[in-house]
Amino acid sequence: MERVAELAYLDLSEAELEMYRAQIDEILEYIGKLNELDTASVEPMAQVLADDQTADATLREDVVVPCGVAAEILEQAPDPEPPYFRVPKVIER
Amino acid sequence: MTAAWTIDAVRGSLAAKKVSAQELAADFYKRIGERNSELNAYLTLSEERAYRQAARMDALVAAGKPLPSLAGVPIAIKDVISTRGVRTTCGSKILENYVPPYDATAVERLEAAGAVILGKTNCDEFAMGSSNENSAYGAVRNPEATDRVPGGSSGGSAAAVAAGLAVASLGTDTGGSIRQPGSFCGIPAMMGSYGRVSRYGLIAFASSLDRIGPFATNTRDVAAILGVIAGRDSNDSTSTTAPVPDYRAAMEKPVKGLVVGIPKEYFAEGMDDGVRKKIEAGIELLKKLGCELREIQMAHTDYAIATYYIIATAEASSNLARYDGVRYGLRVEDDSLLAMYRKTRGAGFGAEVKRRIVLGTYVLSAGYYNAYYLKGQKVRALIAQDFRDAFRKVDVLVTPTSPVPPFRLGERTNDPLQMYLADIYTVTGSLAGVPGISVPCGKICGKLPVGLQIFGPAFGEATVLQLAHAFEQAGGGSL
């Protein structure tokens, strides 16, 4: 559970870890019922659209259009330094 | 239900100058002011935007110009759908002060059709939940029975319409989040086929499942809203070019001879007796309407919840990676970038969202991917095949929307698996991508609403609406 929380960049308290451990175990046990099905010859389904409706058939022309929302977007940032988003130090020197 | 206004009544009254769009908006805001502190259906009101749009509609009336199809119609929008300049929280603390710089396509289309956007409705955090109790801004009460939940995750959108605080609303459905609250609040509620309505501007939960759809007080209004928001949008590559029929015209066709499939797996144990009696009465009514009933099998129904909670959580763990304290929303400061990510996400997300991120991360992680995620995708294919096979034999499928009537606030919050199982009849259609509606099918003891669910084949919305409309007209709502 600690490893999963680390992968998900999620700070969890001891109490949360304990609660999720029990709940996730129960849910995974329930999910285990899928093993009753033999799916060896089944193709996995990633999305439901039929062949003539897939993204490939309907991609738009790749053209540049005016956008100009940078200022508005930066206004929403917790720590903007236009035209950048500022973050804590990533690389130690 | 106290709502007296329909789309036609609004347009008719505007055209006849019996009421102005601005007066109507003011009247709705007055009602919201009276009821919202109890119901908690709205999180944010967009009065300035609403009155500006209402004034535009009044100007059209004054100039004697033709009115667009939703002229002056007050509509509420679920708070996971982006509205330019109007706070959009997703029911989460992590987006408490987020103001989108653009409109979702569905919102843009509603306004282009004359609708007046009243505000944003409460929902489970990031649309994860079946009772609206996972909102960071408090639970919503069911207007039909205020000690009960309104359903979820689009609980605020359902409650607003059921309480007459909007003529219609938009919700989103990933595993039942439109249909189940529609059922719980006693109003029709529909999700179109996957690909029918653009999701541009919908803040993503599970991208292969998420859909936007309408709530209204009657099926004709559901059809009208769906017709406005449906259709290709170049900003969403999953929206299809399939033509959008005139749903309102199509739904008037008689249903005599329509072949209705009753999948027996949806009537197994675990269903509340009161719900069962109402649904059986509903099916009797369909027979009286001249539908041909046929019992069919959908062998993989029982595996749908397990499949859904693999796929939806996997996609959620990926989609919600974007909340990292950098570009928008909450940031909890720390000296290092990674610690800032962890603290921000730990503090910003609520319990259910964290649970699903943990589960989704787990099923995608090295060593478990094949056993869970790939297995889930394979069983999803089997469930979708069940639907395709069924629609070779029948025109539509009829099932209960929920195995239980609206439950009491707090009754299920401590047991996530039990809460997940409340979606047992709705997640199947979500996984298969087919359209579905919940229509009112009477009330248990005259108090607790029951919903009848109708599924159609992909892009068969017109047939779904046709049967829903006939059922409603024949008195299905007061069984």
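**View 1. A:Lys33 and B:Asp302 form a salt bridge, with their closest N and O atoms 3.3 Å apart.** The model is predicted: local features need pLDDT of at least 70, side-chain atom pairs count only at pLDDT 80 or more, and totals for chains, interfaces and linings use all residues. Residues are numbered from 1 along each chain as its sequence is written, and side-chain values use heavy atoms, without hydrogens and water. Four salt bridges (a side-chain nitrogen of Lys or Arg within 4 Å of a carboxyl oxygen of Asp or Glu) are counted between chain A and chain B.

**View 2. The interface brings 49 residues of chain A into contact with 72 residues of chain B.** Contact denotes heavy atoms within 4.5 Å. The buried area, that is, the accessible area (1.4 Å probe) lost by the two parts on being put together and summed over both, is about 5,400 Å², and carbon and sulfur atoms give 68% of this. A:Tyr9, A:Met45 and A:Gln76 supply 13% of the area that chain A buries against chain B, more than any other three residues.

**View 3. Strand S9 (residues 396-400) of chain B pairs with strands S7(B) and S11(B).** Strands are DSSP runs of E with at least two residues, numbered from the N terminus; pairing requires at least two DSSP bridges. Five of the five residues of S9(B) are buried (under 20% relative accessible area, 1.4 Å probe, protein chains only). S7 (residues 259-263) is parallel to S9(B), with two bridges, and B:Val260 has B:Val396 as its bridge partner. S11 (residues 448-455) runs antiparallel to S9(B), with four bridges; here B:Thr399 lies opposite B:Gln453.

Technical notes:
Chains lettered and ligands numbered in written order. Buried < 20%, exposed > 50% of the residue type's maximum accessible area, 1.4 Å probe, protein only.
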